[in-house]
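Welcome! Here is a short tour for anyone meeting this protein model for the first time. Have the sequence and the 3D view ready, and follow along topic by topic.

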Amino acid sequence: MNQAWTDFLTQQGLGADALDFGDRQAETSAAQLGSIMSPLLDLGLIRASGPEAAGFLHNLLTNDIESLEALPDTVIRAGLCTPKGRMLATFLVWREGDDFLLALAADLHAAILKKLSMYILRSKVKLTDASADFVLLGLSGEKAESTMRNMG
């Protein structure tokens, strides 16, 4: 996560465990009754770049990554499995320019980045940790959609 963003959240009262801002009951009530914006601190990001990134990811993940090239504002779910079909991680995948971003659980981030890097071999793909490059926010509630439209 971006250090400036983490510092800002700490100044706003984010607890050391990064789970709440001090009043869990009020926060839960606000989440149930109103519209809220929440930092998604439990997610990490992997950036896949290079001319063969789409094909590389398409061959490793469980969804049609190549279809994202024609759908620039689309987010899809995908998974990474072992050769025996056991799920190792799930991702949200979207395009940013010519690159692909994969959001996954932060606790799996380093291991999955290493695992994916093992498969690069001769592919013209570069995988990097993009977690510090973005601030991920979640919006919820009846005004979430209008808030998103007004942010753009």
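**A patch on the surface**

Met37, Val135, Leu137, Met148 and Met151 together make a nonpolar surface patch of about 440 Å². Please keep in mind that this is a predicted model.

- You can find Met37 in strand E1, which spans residues 36–39.
- Met37 has a relative accessible area of 43%, so this residue counts as partly exposed.

**Helix H3 and its cover**

- Helix H3 runs over residues 53–60, and its buried residues include Ala53, Ala54, Phe56 and Leu57.
- These residues lie on the same side of H3, because they cover an arc of only 165° around the axis.

**Ser49 in strand E2**

- Strand E2 also holds Ser49.
- Is Ser49 buried or exposed? Its relative accessible area is 16%, and buried means under 20%, so Ser49 is buried.
- Leaving aside residues up to four places away in sequence, Ser49 touches Asp99, Lys124, Val125 and Lys126.

**Salt bridges around Arg47**

- How many salt bridges does a search of the whole structure find? The search finds five.
- One of them joins Arg47 and Asp99, whose closest N and O atoms are 2.9 Å apart.
- This pair links distant parts of the chain, with Arg47 in strand E2 and Asp99 in strand E5, 52 residues apart.
- Both Arg47 and Asp99 are buried.
- Arg47 and Asp99 also belong to a network of salt bridges that includes Glu96.

**Salt bridges around Arg95**

- Arg95 forms a salt bridge with Glu69, and their closest N and O atoms are 3.8 Å apart.
- Arg95 lies in strand E4 (residues 87–96) and Glu69 in the loop between H3 and strand E3 (75–81), so the pair ties together parts that are 26 residues apart in sequence.
- The side chain of Arg95 also meets that of Asp98 in a salt bridge, at 4.0 Å from N to O.
- Arg95 counts as buried, with 15% relative accessibility, whereas Asp98 counts as exposed, at 64%.

How values were computed:
Residues are numbered from 1 along each chain as its sequence is written. This is a predicted model: local features need pLDDT of at least 70, side-chain atom pairs count only at pLDDT 80 or more; totals for chains, interfaces and linings use all residues. Side-chain values use heavy atoms; hydrogens and water are left out. Patches are made of residues with over 30% relative accessible area and no salt bridge: like charges are joined within 9 Å, nonpolar side chains (Val, Leu, Ile, Met, Phe, Trp, Tyr) within 5 Å. Accessible areas come from the Shrake-Rupley method with a 1.4 Å probe; for residues, only the protein chains shown count as cover. Helices (H or I, at least four residues) and strands (E, at least two) are DSSP runs, numbered from the N terminus. Buried means under 20% relative accessible area, exposed over 50%, partly exposed in between (1.4 Å probe, protein chains only). The arc is that of the directions from the helix axis to the C-beta atoms. Contact means heavy atoms within 4.5 Å.
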